[in-house]
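Hello,

Here is the structure for you to look through. My notes follow below it.

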Amino acid sequence: MKATPLSNCERRFLLRAIEERKRLDGRQCYDYRNVRISFGADYGCCIVELGKTRVLAQVSCELVPPKPNRPTEGILFFNLELSPMAAPGFEPGRQTDLLVRLNRLIERCLRNSKCIDTESLCVVAGEKVWQIRLDLHLLNHDGNIIDAASIAGIVALCHFRRPDVSVQGEEVTVYTPEERDPVPLSIHHMPICVSFAFFQQGTYLLVDPSEREERVMDGVLVIAMNKHREICTMQSSGGIMLVKDQVLRCSKITAVKVAEITELIQKALENDQKARKEGGKFGFAESIPNQKITAFKMESAAVDTNNVEEQAEEIITKADPPSEVSTTPILHTPGTAQIGEGIENSWGDLEESDREEAAEEEGESEATAFECQKMETEDTSTMLETKKDEPIVVSDSEEEEVVILEPQELPMKTRAQTNPKQENASKKAFNKRRKKKRAAY
Amino acid sequence: MAAGSGAPAESCVGQVVLPGDVLLLPAHPEDDGERLRLGAGAAPRGRLLCGPGLRRCPTGLLVTKCGLLRHRPAGGGAAGAAGGAYWVDSQQKRYVPVKGDHVIGIVTAKAGDVFKLDVGGSEQASLSYLAFEGATKRNRPNVQVGDLIYGQFLVANKDMEPEMVCIDSSGRSSGMGLIGQDGFLFKVSLGLIRKLLAPKCEIIQELSQLYPFELVLGMNGRIWKCPSCLTLGSSPWACGLLVLEPLVQL
């Protein structure tokens with residue numbers, strides 16, 4: 001499926017909001033969304049939710065022969081997949097640029113930083129080593145996949161337990177989890193990626209962009225750092241040109257964020273450890289809250305509505321007045337009435353077309369509103385306006401024997417005026433009824 | 001269908017019905033036997049409208065979607081359920097184009113004489129440039145890729161690409177056409193749109209007391225709102241939407 005395109009007015013709105021240092025969900029420029037970490041029943045399985053972005057991580061291990069040029073090191077394998085359920089634009093089996101970029105970032109962040117001690121994964125040098133495989137699946141895409149994925153990856157690796165192994169001479173014994181407790185991996189530090197989105201050629205900066213913000217951003221800078229303020233990897237994409245102090249500022253922000261997130265991770269790991277030790281319930285079924293209809297809990301955002309009225313009034317008065325609405329019935333002859341559709345056919349008028357074009361190009365919003373009591377379901381656009389209550393009579397050129405009762409205002413003529421025209425909207429059902437009435441004549 | 005006998009329709013109004021349920025309709029004393037006349041040819045009193053989520057079957061109405069069964073009696077409905085409309089109110093976020101629906105589309109491409117719009121369905125809808133009020137071959141509407149258009153479906157069935165127009169049958173725009181440049185678009189569920197379009201919607205009345213605004217509601221779950229009102233210390237998009245969203249569950 002194709003992803004829903006971004007309309008121009010959304011883009012304009014977002015950029016204007018960012019210029020005024022406002023974000024759609026009410027966050028500040030440097031705020032992260034809520035991070036939730038939940039663990040599965042198995043060791044090495046976790047789901048990380050960064051706002052609405054969800055990533056599932058699973059770690060597994062296997063005994064394999066080592067690589068020929070590295071006989072004493074274990075093998076690490078990382079894989080990130082964009083599931084089609086994450087966004088309508090993701091299709092299975094198609095390698096997109098995004099996927100390649102994310103995979104490279106995860107590899108550099110976790111492998112090149114040497115956060116996992118691969119020497120400790122060696123069982124028999126040259127013959128058997130552990131291959132640790134980390135699979136990341138994106139379950140929902142609401143922006144900033146890389147941050148969520150890096151958190152999920154490192155949390156899953158910290159949570160994972162591999163089977164215990166003992167080597168006696170030539171014999172290697174791999175113990176099952178029942179015989180001996182599984183052993184955690186040896187992890188030196190926890191690198192975490194933080195993304196910065198840049199707008200307007202680097203003038204504005206947002207941390208943790210949401211999906212909408214990602215669509216309008218110029219470029220992104222990803223910095224992976226651990227809590228000891230060591231930068232593990234840095235990548236800038238989108239072709240933006242950054243100044244030195246911008247990069248330094250970003251790295252300082254990263255240090256703060258990484259410290260917070262690392263603390264959160266430690267706490268989550270401890271809680272899970274405690275729950276397992278005490279024999280309490282653990283696993284996804286316990287940690288994902290019980291939601292009846294929706295899968296996401298709606299978080300309340302603080303919204304300040306103090307000055308909204310006055311400022312809205314200002315904007316309304318400055319804007320063009322919307323066109324007037326009339327909901328009055330139109331009398332053709334005694335006994336017949338009509339609301340809306342079916343007024344005189346106006347396609348023959350060529351002089352009006354120029355003025356119409358001008359009106360359209362001004363960008364007037366022509367949403368009209370009215371309420372009509374009908375049998376079928378309503379399907380009209382609404383606008384708040386006062387409605388007049390006088391009947392309007394029109395002469396319909398298709399019926400020759402129409403008696404015009406009170407020729408007060410003819411809608412056809414009002415189009416020649418520059419005042420807002422009176423428009424009537426209606427439903428097709430009424431047309432059917434009107435055609436029936438005509439057939440009866 | 002070999003299912004058990006269905007329940008009479010009036011008793012199920014307001015309750016949850018599941019796909020496969022059969023609803024029996026009351027027989028008219030004037031009709032022969034149990035045959036129910038549905039269609040334009042029937043007398044107005046016996047005319048029954050089978051709304052979304054329901055299908056006709058030999059014994060009555062077959063439910064095809066799960067949700068609450070609703071009924072609206074015909075004008076002067078004291079004669080029981082002899083007329084009127086039945087339909088199923090269901091929660092849905094994915095839109096399926098229906099002929100006559102007014103929707104908001106995003107222009108994705110201009111191909112010669114035709115605009116391609118994304119309306120949230122499985123196919124993109126096509127919209128001819130002549131289908132605007134006052135448009136002629138020389139006077140083309142000023143529509144760019146990424147603009148928002150409010151129009152209605154002229155053709156919408158499962159075998160063809162849907163077609164939209166921005167004029168009604170008499171050539172007037174009736175409020176349809178290009179939506180203004182300012183404002184913001186957001187997506188909600190289809191049920192919320194139907195709720196907002198119901199007459200005397202309280203949500204809109206309450207919001208209008210907060211501050212004046214302009215809304216265009218598309219049946220495909222898209223709402224365009226103006227003014228977006230970026231003012232000091234307030235986020236009215238969030239204000240508007242956060243007020244609306246919890247009410248979806250109602």
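In this predicted model, strands β8 (residues 165-168) and β9 (residues 171-174) of chain A pair in the antiparallel sense over four bridges. Two strands pair if DSSP finds at least two bridges between them. Strands (E, at least two residues) and helices (H or I, at least four) are DSSP runs, numbered from the N terminus. Val167(A) has Val172(A) in β9(A) as its bridge partner. The hairpin of β8(A) and β9(A) has two residues between the strands. There, Gly169(A) takes a positive phi near 70°.

Next, the open sheet. Its four strands have the order β12-β11-β13-β14 (chain A), with antiparallel pairing. β12 (204-207) and β14 (231-237) of chain A stand at the edges. Each has a single partner strand, so one side of each is left without a neighbour in the sheet. Neighbouring strands are turned by 20° against each other on average, direction ignored. Axes here are lines fitted to C-alpha atoms (for helices, over the stretch in contact), and angles run from 0 to 180 degrees between N-to-C directions.

Four bridges join β11 (residues 192-199) to β12 in chain A. Ala197(A) pairs with Leu206(A) in β12(A).

Two helices of chain A pack on this sheet. Contact means heavy atoms within 4.5 Å. Helix α2 (residues 97-112) touches β11, β13 (219-225) and β14. Its direction makes about 160° with that of β14(A). Helix α5 (residues 244-277) touches β11, β12, β13 and β14. The α5 direction makes about 140° with that of β11(A).

Residues are numbered from 1 along each chain as its sequence is written, and chains are lettered from A in the order written. Local features need pLDDT of at least 70, side-chain atom pairs count only at pLDDT 80 or more, totals for chains, interfaces and linings use all residues, and side-chain values use heavy atoms, without hydrogens and water.

Best wishes
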